[in-house]
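Biologist: Please show me the model, and then let us go through what the terms rest on.

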Number of protein chains: 2
Amino acid sequence: MEQLWAAPDALTVRAVYEQVSTTRDLAYTTVMTVLDRLAKKKLTERERDGKAWRYRAAAPREEMAADLMRDALDRAGDRREALVRFVDQVSDEEAALLREALARLEEREG
Amino acid sequence: MEQLWAAPDALTVRAVYEQVSTTRDLAYTTVMTVLDRLAKKKLTERERDGKAWRYRAAAPREEMAADLMRDALDRAGDRREALVRFVDQVSDEEAALLREALARLEEREG
DNA sequence: ACACATCTACGACGTTGCGTAGTAGACGAT
DNA sequence: ATCGTCTACTACGCAACGTCGTAGATGTGT
């Protein structure tokens, strides 16, 4: 159900429901429950808008992916080894992106 | 239950059980079931040894971590963005390890 | 004021994965 | 024959998840 995050931001339940309805046949309440549960898990934030709530992804997809990568790395034991294996798996393009990201980091940190 | 992988390799159920018993109070059959389930999920391989099976981790902890990192990255949408965020989260030491791993990769690939 | 639509809150049900464990059956050793 | 050791199969409780229904509050049109 995470593809709700593909939408821009701060949507009302109704809006998400309409959106989702185009591809899946779900009840309005189902969408609501999911949104609520995600909010409870802090994966989503919500703010009042009159009677209704507006939900917004607490963090973009990319941040979530990064968090998951961190979690995975933390379970590794030998982080060096894990990182080596990771870059081994990665495509050339991704390796280039990684180098780029690291370069940018270095530059920022001085 | 994954800390069974801390052990070296190719252990019989009995051996794993003995090992685990030192820190946790589990039934022999419990260990067996867990091993069996892990085997079904291909996280472990087994080979006959007389009547019994010997189990071996299909991949070391670090490989598993690397796989998880890959999975996370694949769910990112914008991989560049995800990698940037990832290196942002990472400690200095880990960033260094990453650079090292990338350097090694480059060297190997030419 | 009343009916109707729209929301939220809360509970419920089935499925799945997991940790734990018991029982049954096979087989070798004593 | 009886034990001990193994595997295979089944089961139970629990949590998470996807799905949804019902109840109650509140706003809107006539």
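Modeller: The contact between the two protein chains takes 44 residues from chain B and 44 residues from chain A. This is a predicted model.

Biologist: How do you know that the same surface serves both copies?

Modeller: Of the contact residues of chain B, 100% recur in chain A.

Biologist: What makes the two copies related as by a two-fold rotation axis?

Modeller: Chain B is superposed on chain A by a rotation of 179° with 0.0 Å of shift along the axis, and the RMSD is 0.3 Å. The copies are therefore related as by a two-fold rotation axis. Of the residues of chain B, B:M69 comes closest to that axis, with its C-alpha at 2.3 Å.

Biologist: Why is the size of an interface given as an area?

Modeller: Accessible area is lost when the parts come together, so that loss is often used to give the size. Between chain B and chain A the buried area is about 4,300 Å². Carbon and sulfur atoms give 60% of that area.

Biologist: Why is the pair A:R79 and B:E93 called a salt bridge?

Modeller: The closest N and O atoms of A:R79 and B:E93 are 3.4 Å apart. The cut-off is 4 Å between a side-chain nitrogen of Lys or Arg and a carboxyl oxygen of Asp or Glu, so the pair qualifies. The count between chain B and chain A is 14 salt bridges.

Biologist: Which helices of chain B supply at least two residues each to the side that touches chain A?

Modeller: They are α3 (61–74), α4 (79–89) and α5 (92–109). α5(B) gives the most, with 15 residues. By class, that side of chain B has 20 nonpolar, 3 polar and 21 charged residues.

Biologist: Now the DNA. What makes the pairing of B:R14 with DNA strand D a polar contact?

Modeller: An N or O atom in the side chain of B:R14 is 2.6 Å from a phosphate oxygen of DNA strand D. The limit is 3.5 Å for a pair of N or O atoms, so this pair counts. For B:W53, a polar backbone atom is 2.6 Å from a phosphate oxygen of DNA strand D.

Biologist: How do you know that a base of DNA strand D is reached by A:T29?

Modeller: A polar side-chain atom of A:T29 lies 3.3 Å from a base nitrogen of DNA strand D. In total, 21 residues surround DNA strand D. α2(A) gives the most to this surface, with 5 residues.

How values were computed:
Residues are numbered from 1 along each chain as its sequence is written. Chains are lettered from A and ligands numbered from 1 in the order in which they are written. This is a predicted model: local features need pLDDT of at least 70, side-chain atom pairs count only at pLDDT 80 or more; totals for chains, interfaces and linings use all residues. Side-chain values use heavy atoms; hydrogens and water are left out. A residue is near a molecule or strand if one of its heavy atoms lies within 4 Å of it. A polar contact is a pair of N or O atoms within 3.5 Å; within protein, one must be able to donate a hydrogen and the other to accept it, and residues adjacent in sequence count only if both atoms are side-chain atoms. Helices (H or I, at least four residues) and strands (E, at least two) are DSSP runs, numbered from the N terminus. Copies are superposed by least squares on the C-alpha atoms of residues with pLDDT of at least 70 in both. Contact means heavy atoms within 4.5 Å. Buried area is the accessible area (1.4 Å probe) that two parts lose on being put together, summed over both. Ala, Val, Leu, Ile, Met, Phe, Trp, Tyr, Cys and Pro count as nonpolar, Asp, Glu, Lys and Arg as charged, and the others, Gly among them, as polar.
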